[in-house]
Amino acid sequence: MQPANLFPLLVVLVGIAFALGYARSRAIASPLGGIRHLKSLPFYYAARAALWCGLPALIIFAFWLGFEDKVIQTLVVASLPEDLRPESAGRASLVLSQISNVASGALNPKYAPEGIVEAAKLLTTLREESKFMMTILVVCVAVLGAFIAWLRIAPHINAREKVESMLRKIFFMCAALAILTTMGIVFSVIFETVRFFQKISFIEFFFGTNWSPQTAIRADQVGAEGAFGMIPLFVGTLLISGIAMLVAVPVGLMSAIYLSEYASKRMRGIVKPLLEMLAGVPTVVYGFFAALTVAPFIADAAHAIGLDASTESALAAGLVMGIMIIPFVSSLSDDVINAVPQTMRDGSLALGATQAETMTKVIFPAALPGIMGGILLAVSRAIGETMIVVMAAGLAANLTANPLDAVTTVTVQIVTLLTGDQEFDSAKTLSAFALGMMLFVVTLVLNIVALHVVRKYREQYE
């Protein structure tokens, strides 16, 4: 059975286990005088039966799907004749691709070696057997788990406590899975970064002022050695992000204060949805707006006053990016300010403070952690934005602080580096991981600084 069909079957089995568990608990309680003589409500006995039915089967299902292809590919490669066995990981990928094409019919077996054709037949057989065995195992485990749970339904068993204990373990596993996933991503980036620094020196990467990662595939080509100085990219990123935050933070924060403290309910009901509509506009639309309207306007205005401005500039990208980020700052800050207890406002006003004094002296310090969280989210959005930068700021890695010049950012270069036909283990491709690692470190430092600011200026109330 296909996994897409097996999962709905498993859901049906879980539902049946729940219904049978519910019915058995009520049947056991009936001779005793009702469900009040049970240690828990019938719902918890039924939920326990459903968990016993679904949880082990789902774990087996997930592990099987996760390791099925790897095991089958290993067996198929091992079955190849000696002269067809791949000698490297890259060659193995090509051979497996050829075998898969023959097995799926995309490649005529007449044009493939005999060993490949036999391996394709083995691949098809193993896949069918694997699906059959997985179906049998998952269904058997689900039925067996439900049957055991059904047998263990008894009046003296506290099913609610056992279900809650099981749910706590599930929640812990979900949290641990999220942490392990994050660690896996970080370690994979670190591994590729180490490979990059085996090809390019630390000094060139951290202190170089020239970014030109174009390397030749052949050693005899012109320009075989690229330049990998990251400083122009991070300067461009900080320049555009700084302009965006100069637009987004004041406007967004003032909007939130107006909406939460000064606007009437009717005005708030009109303005807030309109403001939040900006968050739903696709970034490519902002890119069009920046490239076709804002950037030419800035260039014309600069030329009118005698300044030299590029048709693609950091100022245009930063301004439009700031407009895009306003809803993030405004909406999050508005929610945080509204969460401050009304008693604090009433107490401050009762002591004679004005509304502005109440806002600056009482509400804003109480809401500072949430506001900082919103600003941090906005900074992360500004640093990670790519589309607007590509369309409005260009791809040139210029080391400049002039907002009227064309610049580029780290994320844009990462996208550029990971597209094309360059070898995956080349310095050009691996430099994308080094840039990603540096971006991760910069974001981490920003978070630490923000936490320090919050702890220093936060006002705590009981």
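Biologist: Which residues line the largest cavity, and which elements give two or more residues to that lining?

Modeller: In this predicted model, the lining of the largest cavity is made up of Q73, L96, S100, L123 and R127, and it divides into 2 nonpolar, 2 polar and 1 charged. About 30 Å³ of space lies in this cavity. The elements that give two or more residues to its lining are α3 (89–104) and α4 (114–151).

Biologist: Which parts does the salt bridge between R345 and E261 tie together?

Modeller: The side chains of R345 and E261 meet at 2.8 Å, N to O, and both residues are buried. Since R345 lies in residues 342–350 and E261 in residues 231–262, the pair ties together parts that are 84 residues apart in sequence, namely helix α11 and helix α7.

Biologist: Is K272 buried or exposed, and which residues are joined with K272 into one network of salt bridges?

Modeller: K272 forms a salt bridge with D334, with the closest N and O atoms 2.6 Å apart, and another with D335, where the corresponding distance is 3.4 Å. D335 is partly exposed, with a relative accessible area of 40%, whereas K272, at 14% relative accessibility, falls under the 20% cut-off and therefore counts as buried. Salt bridges that share partners join K272 into one network with R268, D334 and D335.

Conventions. Residues are numbered from 1 along each chain as its sequence is written. This is a predicted model: local features need pLDDT of at least 70, side-chain atom pairs count only at pLDDT 80 or more; totals for chains, interfaces and linings use all residues. Side-chain values use heavy atoms; hydrogens and water are left out. On a 1 Å grid over the protein atoms alone, a cavity is a set of points where a 1.4 Å probe fits but cannot get out, and a pocket is an open set with protein on both sides within 12 Å along at least five of seven lines; lining residues have an atom within 4 Å of a point. Grid points are joined across faces, edges and corners, and a volume is the space filled by probe spheres set on the points. Helices (H or I, at least four residues) and strands (E, at least two) are DSSP runs, numbered from the N terminus. Ala, Val, Leu, Ile, Met, Phe, Trp, Tyr, Cys and Pro count as nonpolar, Asp, Glu, Lys and Arg as charged, and the others, Gly among them, as polar. A salt bridge is a side-chain nitrogen of Lys or Arg within 4 Å of a carboxyl oxygen of Asp or Glu. Buried means under 20% relative accessible area, exposed over 50%, partly exposed in between (1.4 Å probe, protein chains only).
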